[in-house]
Amino acid sequence: MTIGWHFDNSYSKLSKTFKEDIKPTPVHDPELIILNQELAKNLNLNFSGIDKKKLAEIFSGNSLPDGTNSIAQAYAGHQFGHFTMLGDGRAVLLGEHLVNKNQRFDIQFKGSGRTSFSRGGDGRAALGPMLREYIISEAINALKIPTTRSLAVVKTGEKVVRENLLNGAILTRVASSHIRVGTFQYIAATQNTEDLNTLVDYTIDRHYPEIKSSKNKALDLLSLVMEKQCQLVINWMRVGFIHGVMNTDNMAISGETIDYGPCAFMDQYDPKTVFSSIDKFGRYAFSNQPPITKWNLARFAECLIPLIDKDEGTAIKIATGLIDNFQNIYEEKWLNMMRDKLGLFGEDKNDQTLINKLLEWMKNNSADYTNTFCHLMDGEIDDEIYKNDDFKGWTNEWQKRIKLNNSSDKHLELMKKTNPLVIPRNQKVEEALADADKGNLETMNKLLKVLSNPYSDQENIIEFQKPAPISNEKYQTFCGT
Ligand code: AMP
Ligand code: MG
């Protein structure tokens, strides 16, 4: 019986500058914690006749599939605004697995040992953060937001040293590629135009073949990546997702959400919400995500300047013109997304005011972002807060606006497609991770099941819809390093 791997490793064929050839460091006593059967099926992989011990060998990297040619990828990045040369310091790319000969997916191990990019790190990852990435990335996928996926997590049987001794783990990540803004920054920093052209061509070939024969490939690439990133951040804003570390090395050129670290979903609506313990100044706060996307895109544009026009001044002018338009594109998309959340068809001149009034009310009353829209959909989520006079006044205005739709019975359908009933609530994620660390996987599996269907009514989901009890202690997330 074969699993069905079909590796074709185009990235590993690029020149030395782009990567280091390296194998995962074997681990002591791997144990399979979770395998994503549904994703395996989508990838035409069949793990059914394989026992758990063998699966653990496979997903720890102790036994590599035929056809892999593993590498650590080089990249750089602006981390909290500061430029650093980075690279896969605790990950290796096994290669690209082909599905039906034309769909290409990176298969990467995260937590697989030291590489030449590890700097002071141990190259390893802990079980909690790897399962956290598994849970949240799968939830984001179910929310119909582009993202890397999680195929498996194994415990390594080794401890990693952080503030405490933790269980070591390896995550198998699946991505349409791991090319980041930071990959371009790395190559741009070497000032080798040939390599830069190679990277542009490679990226276009893999992600944007429609511009293969365009006159100004670099400029068109910039424009397409901007569109993708804009759509991505709109989606995050739609569901209340806060990425937490939007460094340029954590921004994928494919437009997928990548590198789940201290990410979390907002409960009470507050644009300034930050969960990450290291984000002291709120650089990556909820409402800062759109301007940071633009900032990151400007760093991407800088890399492409030598290819946009022979004359540097002209190139800068063209790129700046494009990036400056981000705000306009974003605002229009955001308004339409909020219209969808409220079931509003067409456009009315007061829409922006109506939407802003609701957000302001939510902020002033600490209303839950997800549940407020659930309440508006069918009133099933109820709370004293929605008996508030201001809210009732706003609801009347909203209902008048819905009457302008001319298809009033359709508004609920639109809202149900746009507003999730469940999101990964912070306390539920923490509970699942704590139990998994003690060897009990039932809590996590239950949570994953509910999160796999966020737009449908499911039995007994009320427990998963509750925000965390308000306490004096602010919820904090930590980087998984
Ligand atoms: P991240 O915070 O996961 O986006 O990682 C930022 C950079 O730090 C990347 O270059 C990682 O490869 C590197 N890194 C993170 N954790 C470790 C670790 N435990 N050992 C070595 N490198 C690491
Ligand atoms: Mg990263």
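The model is predicted.

**Exercise 1.** Find polar contacts of ligand 1 with Gly 87, Asp 122 and Arg 124, then state how much of the ligand the protein buries.

*Solution.* Step 1: a polar contact requires a pair of N or O atoms within 3.5 Å. Step 2: a polar backbone atom of Gly 87 lies 2.6 Å from an oxygen atom of the ligand. Step 3: a side-chain N or O atom of Asp 122 is 3.0 Å from a nitrogen atom of ligand 1. Step 4: for Arg 124, a polar backbone atom is 3.2 Å from a ligand nitrogen atom. Step 5: the protein buries 87% of the 480 Å² that ligand 1 exposes when taken alone.

**Exercise 2.** Identify the protein donors of the magnesium ion (ligand 2) and decide whether Asn 250 and Asp 259 are buried or exposed.

*Solution.* Step 1: the donors are Asn 250 (OD1) and Asp 259 (OD), at 1.9 to 2.1 Å from the ion. Step 2: buried means under 20% relative accessible area. Step 3: Asn 250 has 12%, so Asn 250 is buried. Step 4: Asp 259 also has 12% and is therefore buried.

**Exercise 3.** Describe the largest cavity.

*Solution.* Step 1: the structure has 4 cavities of 30 Å³ or more. Step 2: the largest contains about 100 Å³ of space. Step 3: its lining comprises 15 residues, with Gln 229, Leu 232, Trp 236, Asn 250 and Met 251 nearest the centre.

Note on methods: Residues numbered from 1 in each chain as written. Chains lettered and ligands numbered in written order. Predicted model: local features only at pLDDT ≥ 70, side-chain atom pairs only at ≥ 80, totals over all residues. Heavy atoms only, no water. Polar contact = N/O pair within 3.5 Å; in protein donor to acceptor, adjacent residues only side chain to side chain. Areas by Shrake-Rupley, 256 points an atom, 1.4 Å probe, with all protein chains shown as cover. Donors = N, O, S within 2.8 Å, 3.2 Å for Na, K, Ca; no water. Buried < 20%, exposed > 50% of the residue type's maximum accessible area, 1.4 Å probe, protein only. 1 Å grid on protein atoms, 1.4 Å probe; cavity = no way out; pocket = protein on both sides within 12 Å on 5 of 7 lines; lining within 4 Å. Points joined across faces, edges and corners; volume = space filled by probe spheres on them.
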